[in-house]
Number of protein chains: 2
Amino acid sequence: LISNHLHPFSGLVSFCCSVFERCRFSPENALISAQFLTRADLRGIDSHGVARLSGYVRLIQSGRLNPNPEFSFFSRFPTQIQLDADRSIGFLSSVRAMQLAMEAAEKFGVGMVAVKNSNHFGIAGQYALMAAEKGMIGMAMTNASPLVAPTHSRSRMLGTNPISVAVPSLKSRPFVLDMATTTAANGKLEILQRKHEKAPMGWIQTAEGSDSEDPEELKSGGALRPLGSFPHSGSHKGYGLGAMVDIFSGVLSGANFGPWVPPFVAFLPLASNLVGDGIGHFFLAFRPDGFMDQAEFLSRMEVWMEALRTAKPIGQDEILIPGDPEWKTEEERTIHGIPLLPAVVEDLNRLASELEISPFFAT
Amino acid sequence: LISNHLHPFSGLVSFCCSVFERCRFSPENALISAQFLTRADLRGIDSHGVARLSGYVRLIQSGRLNPNPEFSFFSRFPTQIQLDADRSIGFLSSVRAMQLAMEAAEKFGVGMVAVKNSNHFGIAGQYALMAAEKGMIGMAMTNASPLVAPTHSRSRMLGTNPISVAVPSLKSRPFVLDMATTTAANGKLEILQRKHEKAPMGWIQTAEGSDSEDPEELKSGGALRPLGSFPHSGSHKGYGLGAMVDIFSGVLSGANFGPWVPPFVAFLPLASNLVGDGIGHFFLAFRPDGFMDQAEFLSRMEVWMEALRTAKPIGQDEILIPGDPEWKTEEERTIHGIPLLPAVVEDLNRLASELEISPFFAT
């Protein structure tokens, strides 16, 4: 793999901010969007960061993404809100939704917000983390374009539908589970494609539903497999979890769901007979101190983490707490910068030239 | 496998009811416990039904399970309750907890109840289903004795920690996801042990953390593996989900968590330096009509189910909705009766003779 230049994080944020402003976002919305997009690069989930910036721009150009959305709300109970995102970029609707969930939790213990008419929101973990940073427990999930075949299915019926859960602790950085409900997320296929390597068995199936090791298989009608990979090793569980995410994010919110979820790439057509608006997300925040004193909860959480970290490892392996790898990457990249593939930098600079803004390298 | 006699469901319930009454449960509590224990047999999760009845009796005899619990409550917000189950059998505390969650949801949209100081609650799905039967969405989870090794760990740090989610639909039976967060639940190992068959790779590891196909491996220090089985196929995700269940059920409730969760079998000693009381559960109920009209939600859910059911199958396979296999079994067994292994019937009759009640066969 070609060694990547390191770029200061602030440069990524300000470049994305310029792009979004140029696409008619308000300065405030451009900044929030830039920050929540690049958080993926900072935390090491490179597939969801600036590598997708031009994808969002294409969505704006195609009219599927509204640069100046006005949110509207439906609410019947103090703890539940449906947010119509007015075709917003997912970052803005999700930040707003999580804030509303946290406000409800502040007053009533729990808050949940279902978002429809939205677009992709980057990495789920950052929204769950907003709650954990305020001492709450947060959950975030989203549906996504259908690339996953349920157990026994040849058809792609669900997205990689991630779930995230964040829990604060006393001294340690928060627990942050952030997982696609598939065996491997799409980003892992992209890495293999670049390296021209095979995928392990269980990640992918062909259009006929047979095992495949070809990371390009999705281009010829193949599908990702749900977590568990095969019926004998629990793929119906990964399918069930992906289904839950789709129901919470899509069915409940009024968004599209299942095979109707719009593709991220603007050049692919929408499904016909759409069943809702845009894609959907679901957010939950709740207070641990509804169950016991906050200090007691945090110290119990620290004991939990300590116990897990000091379990007996296999060989020299390290037992990680969910979120540990991302915290480590965030620390390193904050200091040393973000490595970007030359192809990604080229893409950013093509975009700069097209939009007539300063190139990325100049930042 | 020896063919099993079929027993009418009502006979199972009334036998268990007699056993619980004989163990000093109030008639009402005995009946609820009997109904919620045998629901596992009815729905085809044989490992969690009457096969465990004598296990619960041993817990009562050892003093770890209180036949006459008095629940107490801590609540700071209208949507959140911590329930101290006073060493109750899990059925009673869980039914009560789910009722309280649903009452809170009725008024405020959402309710969540964390239970400590409890014992095993049978199958998680039946509590989630209580909510779905009232038109709500329900979730139920529990921690359990440590039999599972996190990714890269030789130590058993977590239980099979099931998650259940139930969602009502318009015409179809509810969606009921009810899954251990391991590749295979313990009950599947028991079936292989009886048949003297090997386990598929990925279910189990040895005490040193190597792959094992031996379903008896846990007796010599081996462990179950989290859903995903191997690091390359996402076992860190199954581990993360099991961790979430442990945090919600154990850390948050005040129960034991991780390696401290008490074993189900009464003859195994408790861990030293317990970090809480008994085992823990977590329940959530919320109203779909906080987000859109109930009728609209139900019909969207029906569209979702219909789409999934009519996906293109691999060969002649059937694409199932989570819960379908259990609904089918429940229907068949309601009509034809429950098949029990001779060894299970013998165990019930030993219990009858020990407790000096009418034998099971006579019912």
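This is a predicted model: local features need pLDDT of at least 70, side-chain atom pairs count only at pLDDT 80 or more; totals for chains, interfaces and linings use all residues.
## Relation of the two chains

Two copies of a chain are related by a rotation about an axis and a shift along it. Here, chain B is superposed on chain A by a rotation of 180 degrees, with 0.0 Å of shift along the axis and an RMSD of 0.0 Å. That relation is the one given by a two-fold axis. Within chain B, B:Gly228 has the C-alpha nearest the axis, at 2.4 Å from it. Both copies use the same surface, as 100% of the contact residues of chain B recur in chain A.

## Extent of the interface

In the interface, 94 residues of chain B are in contact with 94 residues of chain A. Between them the two chains bury about 7,400 Å², and 69% of this lies on carbon and sulfur atoms. On the side of chain B, the residues that lose the most area to chain A are B:Lys237, B:Phe291 and B:Arg300. Together these residues account for 11% of what that side buries.

## Contacts across the interface

Two salt bridges are found across the interface of chain B and chain A. A salt bridge joins the side chains of B:Asp293 and A:Arg76, with an N to O distance of 3.0 Å.

Helix α7 of chain B, residues 235-251, gives the largest share of the side of chain B that touches chain A, with twelve residues. Sorted by class, that side of chain B has 55 nonpolar residues, 25 polar residues and 14 charged residues.

## A hairpin in chain A

Strands of a sheet pair through backbone hydrogen bonds, either parallel or antiparallel. In chain A, strand β2 (residues 72-77) and strand β3 (residues 80-88) run antiparallel and are joined by four bridges. With two residues between them, β2(A) and β3(A) form a hairpin. A:Phe73 has A:Leu83 as its bridge partner in β3(A).

## A three-stranded sheet in chain B

Chain B has an open sheet of three strands in the order β9-β8-β10, with antiparallel pairing. Strands β9 (211-212) and β10 (223-224) of chain B stand at the edges and have a single partner strand each, so one side of each is left without a neighbour in the sheet.

Strand β8 of chain B, residues 204-205, pairs with β9(B) in the antiparallel sense over two bridges. In this pairing, B:Ile204 stands opposite B:Ser212 of β9(B).

## Salt bridges over all chains

Over all chains, the count of salt bridges comes to 29. One of them is between the side chains of A:Arg39 and A:Glu330, at 4.0 Å from N to O. A:Arg39 lies in helix α2 of chain A (residues 27-42) and A:Glu330 in helix α9 of chain A (residues 324-336), so this pair ties together parts that are 291 residues apart in sequence.

Methods
Residues are numbered from 1 along each chain as its sequence is written. Chains are lettered from A and ligands numbered from 1 in the order in which they are written. Side-chain values use heavy atoms; hydrogens and water are left out. Two strands pair if DSSP finds at least two bridges between them. Copies are superposed by least squares on the C-alpha atoms of residues with pLDDT of at least 70 in both. Contact means heavy atoms within 4.5 Å. Buried area is the accessible area (1.4 Å probe) that two parts lose on being put together, summed over both. Ala, Val, Leu, Ile, Met, Phe, Trp, Tyr, Cys and Pro count as nonpolar, Asp, Glu, Lys and Arg as charged, and the others, Gly among them, as polar.
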